[in-house]
Every structure is written in C-alpha cells, then in structure tokens.
Amino acid sequence: MHGSVSSTRKTALALAVSLLGAVLLAACGGGGSDPSSGSAAIDDATATAYAANATQIGSDAMTATDAGVLAAQAMISAGAGMAASDDRAMALSANAAPLFATSRPCPGGGSATVSITGGTPASEVNGKLDAGEVYQVSFTACTGAAGMAQLDGTLAMTVESVTGDSANGTLALSTTATNLTLALPHGGATLDGSTERQFSVATDSDGTVHLSSHFTTPSLTLATHYNARSSSFTLSNADILRTATWVGGALQSSTIDGHHTLTGTLPNASFSYSVATSGGVSYAADGTPVSGMWTVTLPRQIITVTVGSGMATIAIDYGKDGTIDRTFTVPVPQLASGAG
C-alpha cells in the first residue's frame with residue numbers, strides 16, 4: 001500500500017513538472033514573441049534611449065562635419081583675399097603672403113590656421129578648393145565662420161574633384177577630423193575620424209543655399225556632452241544622403257536618408273545596433289527630428305521610431321518575428337533629451 005501511494009505521488013509530481021514545462025515553452029515561443037521572455041524584453045526607458053540616439057547621433061555627426069567644411073571654405077576664401085589683395089601679380093610674387101601656413105581671425109572671434117600642399121602657386125592663393133589640393137585647417141575658438149557656432153580642433157581635407165564654385169557647383173572631399181569640437185544647440189560634440197563626402201550646392205537669387213551631400217565612413221567617433229552627460233559613439237558602415245537649407249549662414253532644416261551602425265558607450269550602459277531610415281527623415285534648425293521613420297535593429301529586438309506632429313511613436317518587436325509587442329509615444333523634446 002505504501003509503495004502504491006509513493007508511486008502515485010511521483011506520477012503526480014512528474015505530470016506537474018511536465019505541465020509547467022509546457023506552459024513555459026508556450027510563453028517563450030509558441031504563439032509569438034513575449035516581453036517576459038527574458039533577454040528579449042527591454043523596458044520603455046531603454047527603448048526610448050535607443051530611439052533617441054538612433055534619431056540624433058548620425059545627424060549630429062554630419063552637422064559637425066559640414067560645420068568644419070563650410071567654416072574651412074570660408075576661412076580659405078578670406079585668407080586668399082588677404083593674401084592676394086587686389087593685385088594678382090603681388091599675390092604670386094615672392095613677397096606675397098601665401099595662403100598656406102597662415103593664421104586668420106574668424107568673423108565672430110577666435111582664429112583659424114590654414115596650411116596647404118598639392119596645389120600650384122596660383123591655385124594656393126585663389127581662395128578656392130582645387131582638385132589635388134590638401135588642406136589642414138586648425139580652429140581655435142573660431143566663431144562666425146559661415147554662420148557656424150564655435151569650432152575647435154583640426155580638419156584635414158583632400159580635394160578630389162570640383163566643378164563650378166562654392167555658390168553653385170559640386171565638390172568631392174576626403175576629410176579627417178581630429179578633436180573637431182562644435183557647440184550644438186543641445187551641447188558640445190567632438191568628432192574624430194575620416195569620411196568621404198560629395199557635395200552639390202545651389203544658391204537661390206535671395207541667397208538661400210541648398211546643400212546636398214553623400215556621406216560615407218568606415219568609422220567615425222562622436223563624443224558628446226549633452227544634458228550634463230558625457231558619452232561616446234562610433235558610426236561605422238555609414239552611407240547617408242543629406243540635404244540642408246541655409247539662410248544667412250544659419251541652418252534652417254535638413255533631411256537624411258540612409259543607414260549606419262551605431263555603437264555607444266553611455267554613463268550607465270553600452271550598446272550596438274544598426275539604424276536605417278524609411279525614406280527621408282527631417283530635422284529642425286536645432287537638429288531635433290521633425291518627421292519620418294527610423295528602424296533600429298538590435299540582436300533580439302527591432303524598434304521603429306515614427307516622428308510627426310511633435311510626437312514620437314516607439315514600437316517594439318520582441319524576438320524580431322514581425323509582431324509588434326509594445327507601442328508607446330513620447331513628446332519629441334523628451335525623445336531629444338534622451339540622446340547622448
């Protein structure tokens with residue numbers, strides 16, 4: 001009798017364990033992904049931070065690169081004018097102040113030192129970027145150049161091709177930034193690394209400038225100090241198209257379309273994921289997102305971020321099975337404040 005009871009208890013226990021295993025298996029996979037399935041789940045705060053950096057950092061890196069290039073062009077032009085004066089013959093003479101290895105004051109304060117190799121005596125003082133020229137421009141608290149905020153650090157530029165002029169034309173550059181620091185509306189950003197950039201520019205009769213560019217980089221680091229936080233980001237495998245509108249040297253709006261991989265080290269976390277836009281996404285003058293859709297692909301989740309009418313909708317697919325498991329919205333200012 002005792003053996004029969006023991007056997008019955010063992011059978012009941014085995015059945016209970018079997019049923020529990022079946023329940024857990026169903027929760028982990030059976031009918032679709034589930035936010036309770038361990039490492040596949042992320043909370044709203046983490047998803048918002050991922051979304052914020054995905055929408056902001058790539059755009060900020062391109063803004064910093066453009067700031068350096070436009071400021072360098074402005075200082076090269078200003079330096080050439082001072083070097084050449086009104087007399088081309090004097091500019092080409094042995095006594096003329098050459099453009100290369102010269103320091104010039106920036107319009108709003110600070111200075112920029114420009115050096116140049118690879119050109120001809122004539123091209124090095126003509127105030128224009130010519131194919132084959134190699135520039136190194138070092139900024140020291142340089143403000144006001146091309147309407148930009150304060151710049152520090154160095155930008156090296158190799159001119160690959162040029163057509164037209166700086167108002168209406170095209171320009172292909174290889175650039176290398178070294179501690180190139182720009183004051184952005186939401187904080188400071190420091191750029192290091194190399195890019196390939198193809199620009200085209202068209203200027204309206206009222207002075208409005210339309211700048212289009214193709215941005216590629218194998219690896220570029222952006223160190224940020226936003227909202228009293230210091231973080232470091234690496235953009236890799238980036239291939240992005242950008243358009244920007246400028247009035248009076250000030251950025252009015254921009255759009256980007258493309259993809260990149262973003263690796264971040266934050267004060268309390270680290271991550272790596274890919275970011276892709278669904279068509280063009282747009283930004284306001286201060287760099288905050290205005291409209292569009294971004295897709296963030298993580299190892300175990302896909303997050304889509306849709307911005308419009310001042311709100312950001314964040315949708316999470318746990319398990320990457322095509323099913324949206326969680327959706328919530330945050331105001332765009334809240335999203336932007338989570339970047340960096």
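Me: Which cysteine does a disulfide join to cysteine 106?
Reply: This is a predicted model, in which local features need pLDDT of at least 70, side-chain atom pairs count only at pLDDT 80 or more, and totals for chains, interfaces and linings use all residues. Residues are numbered from 1 along each chain as its sequence is written, and side-chain values use heavy atoms, with hydrogens and water left out. A disulfide is a pair of cysteine sulfur atoms within 2.5 Å. Here the S to S distance is 2.0 Å, and the partner of cysteine 106 is cysteine 142.

Me: How many residues apart are cysteine 106 and cysteine 142?
Reply: Cysteine 106 is in the loop between β1 (102-105) and β2 (111-117), while cysteine 142 is in strand β3 (residues 134-142). Strands (E, at least two residues) and helices (H or I, at least four) are DSSP runs, numbered from the N terminus. The pair links distant parts of the chain, and the separation is 36 residues.

Me: Is the disulfide left-handed or right-handed?
Reply: Look at the torsion about the S-S bond of cysteine 106 and cysteine 142. That torsion is about -110°, so the disulfide is left-handed.

Me: Is threonine 48 buried or exposed?
Reply: Threonine 48 sits in helix α2 (residues 44-84). Buried means under 20% relative accessible area, exposed over 50%, and partly exposed in between (1.4 Å probe, protein chains only). Threonine 48 has a relative accessible area of 11%, so threonine 48 is buried.

Me: Which residues is threonine 48 in contact with, leaving aside its neighbours within four places in sequence?
Reply: Contact means heavy atoms within 4.5 Å. With those sequence neighbours left aside, the partners of threonine 48 are Ile314, Phe328, Val330 and Leu335.

Me: What is the phi of asparagine 179?
Reply: Asparagine 179 lies in strand β5 (residues 169-184). Its relative accessible area is 47%, so asparagine 179 is partly exposed. Its phi is positive, in a residue other than glycine, and is near 50°.

Me: Is alanine 228 buried or exposed?
Reply: Alanine 228 is in the loop between β7 (209-226) and β8 (229-247). Its phi is near 65°, a positive value in a residue other than glycine. Relative accessibility is 71%, so alanine 228 counts as exposed.
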